[in-house]
Amino acid sequence: MIGAGTGATVGKILGNDFAMKSGLGSATIKAGDLVVSALTICNAFGDIFDFEKHIQIAGCYDRINREFMNTIEIYKDMNSDYSAFNQGKNTTISVVATNGIFDKAECMKISSMAHNGYANSIFPVHTLSDGDTIFTLATGEVKSDVSLVGALASQVVERAVANSIYSSKSIGGFLANIDL
């Protein structure tokens with residue numbers, strides 16, 4: 001395996017022995033002529049959820065008992081700042097692309113709203129251990145409402161995060177969702 005997302009993992013509170021494999025995911029929503037897509041590399045400190053199915057799909061995983069562990073509960077029990085544990089080693093990054101007509105400020109608003117997709121899919125998210133970023137680009141073809149596109153961007157980001165888990169394969173000792 002080579003390319004974007006090859007080294008991506010999630011659920012890292014207890015280190016690599018409990019982390020799971022992640023990778024690259026994408027998603028698209030069409031509304032008439034409007035298209036909103038996201039491409040995401042999920043390399044997160046926290047646990048990952050499929051927001052639409054309301055289930056955890058990756059994260060801190062106990063291989064012996066074959067069950068997910070709860071990162072936030074582990075964090076609370078540690079009663080210390082373990083964000084330094086993985087500081088600078090986690091970045092979930094996405095690109096949202098739309099054929100809508102938007103200027104730079106509107107694209108920034110869409111990116112801001114798209115972060116809700118991270119909040120719906122990754123917990124905890126935006127920790128000091130994470131460098132979560134979303135960029136938005138618009139091709140300028142279809143007139144659309146910035147709030148609608150921002151809301152759709154949130155949905156495609158959460159789907160792309162889930163797809164980054166569903167499309168990953170076990171490698172280098174990291175277990176993938178497909179092998180659970």
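Reply: Glu52 has a relative accessible area of 43%, so Glu52 counts as partly exposed, a class that lies between buried (under 20% relative accessible area) and exposed (over 50%), with a 1.4 Å probe and protein chains only. The model is a predicted one, in which local features need pLDDT of at least 70 and side-chain atom pairs count only at pLDDT 80 or more, while totals for chains, interfaces and linings use all residues. Residues are numbered from 1 along each chain as its sequence is written, and side-chain values use heavy atoms, with hydrogens and water left out.

Me: With which residue does Glu52 form a salt bridge?

Reply: Side chains of opposite charge can pair when their charged atoms come close. The rule for a salt bridge asks for a side-chain nitrogen of Lys or Arg within 4 Å of a carboxyl oxygen of Asp or Glu. The closest N and O atoms of the pair are 2.6 Å apart, and the partner of Glu52 is Arg159.

Me: How many residues apart in sequence are the parts that Glu52 and Arg159 tie together?

Reply: Arg159 is partly exposed, with a relative accessible area of 29%. Helices and strands here are DSSP runs numbered from the N terminus, helices being H or I of at least four residues and strands E of at least two. Glu52 lies in the loop between β5 (47-50) and β6 (55-58) whereas Arg159 lies in helix α3, so the pair ties together parts whose separation in sequence is 107 residues.

Me: In which helix do Lys76 and Glu73 both lie?

Reply: Lys76 and Glu73 form a salt bridge whose closest N and O atoms are 2.9 Å apart. Lys76 counts as exposed at 52% relative accessibility, whereas Glu73 is partly exposed at 35%. The two residues are three apart, about one turn of the helix, and that helix is α1 (residues 71-78).

Me: At roughly what angle do the axes of α2 and α3 cross?

Reply: Two packed helices are described by the angle between their axes and the distance between the axes. Here axes are lines fitted to C-alpha atoms, for helices over the stretch in contact, and angles run from 0 to 180 degrees between N-to-C directions. The axes of α2 (residues 104-121) and α3 come within 7 Å, and the crossing angle is roughly 40 degrees.

Me: Is Ser154 buried or exposed?

Reply: Ser154 is found in helix α3 (residues 146-166). Leaving aside neighbours within four places in sequence, Ser154 is in contact (heavy atoms within 4.5 Å) with Met113, Ala114, Asn116, Gly117 and Asn120. The relative accessible area of Ser154 is 9%, so the class is buried.

Me: What is the relative accessibility of Thr9?

Reply: Thr9 lies in strand β1 (residues 9-10). Beyond neighbours within four places in sequence, the contacts of Thr9 include Ala19, Met20, Cys42, Asn43 and Phe174. Thr9 counts as buried, and the relative accessibility is 5%.

Me: How many Å apart in space are Thr6 and Arg63, C-alpha to C-alpha?

Reply: Thr6 is found in the segment before β1 and counts as partly exposed at 23% relative accessibility. Thr6 and Arg63 are 57 residues apart in sequence, and their C-alpha to C-alpha distance in space is 22 Å.
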